[in-house]
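Reader: Please walk me through this model, one feature after another. I would like to learn how to read each of them.

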Amino acid sequence: MPHTVRISLLCEGERCGEVRPLTAADLHDMLSFRFGLDETTLRFVCKQMEEGGICELRDETGTSGYLIEKILHA
């Protein structure tokens with residue numbers, strides 16, 4: 001299955017660490033099991049990815065989180 005998104009860690013609003021490519025199934029598992037997102041939030045993130053190609057998930061302070069970007073295949 002091809003990678004459909006890439007996820008990056010955000011620190012102080014900037015990318016830090018390694019960019020990790022994921023399949024749609026891997027992203028779903030990560031968001032639901034590892035981060036504990038409920039189904040409503042999970043659907044919102046997937047909709048943002050489909051419509052805008054990008055979604056940011058931030059912590060309560062807004063300074064760190066994750067940037068998820070859709071990979072466009074030629």
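**Pocket, sheet and helices**

Author: The lining of the largest pocket divides into 6 nonpolar, 2 polar and 2 charged residues. Here Ala, Val, Leu, Ile, Met, Phe, Trp, Tyr, Cys and Pro count as nonpolar, Asp, Glu, Lys and Arg as charged, and the others, Gly among them, as polar. This is a predicted model, in which local features need pLDDT of at least 70 and side-chain atom pairs count only at pLDDT 80 or more, while totals for chains, interfaces and linings use all residues. Residues are numbered from 1 along each chain as its sequence is written, and side-chain values use heavy atoms, with hydrogens and water left out.

Reader: Which residues line the largest pocket?

Author: A pocket is an open set of points on a 1 Å grid over the protein atoms alone where a 1.4 Å probe fits, with protein on both sides within 12 Å along at least five of seven lines; lining residues have an atom within 4 Å of a point. Here they are Thr 4, Val 5, Ala 24, Leu 27, His 28, Cys 46, Met 49, Glu 50, Lys 70 and Ile 71. Helices (H or I, at least four residues) and strands (E, at least two) are DSSP runs, numbered from the N terminus.

Reader: In what order do the strands of the sheet lie?

Author: Strands of a sheet pair through backbone hydrogen bonds, either parallel or antiparallel. Two strands count as paired if DSSP finds at least two bridges between them. This open sheet of 4 strands has the order S2-S1-S4-S3, with antiparallel pairing. Strand S2 (14–22) and strand S3 (54–58) each have a single partner strand, so one side of each lacks a neighbour in the sheet.

Reader: How many bridges join S1 to S2?

Author: Strand S1 (residues 5–11) is joined to S2 by 6 bridges. For example, Ile 7 has Arg 20 in S2 as its bridge partner, and Val 5 has Leu 22.

Reader: Which strands does H2 touch?

Author: Contact means heavy atoms within 4.5 Å. H2 packs on the sheet, touching S1, S3 and S4.

Reader: Which element has the lowest mean pLDDT?

Author: pLDDT is the predictor's confidence in each residue, from 0 to 100. Among the elements, H2 has the lowest mean (86) and S1 the highest (92).

Technical notes. Axes fitted to C-alpha atoms, helices over the stretch in contact; angles between N-to-C directions.
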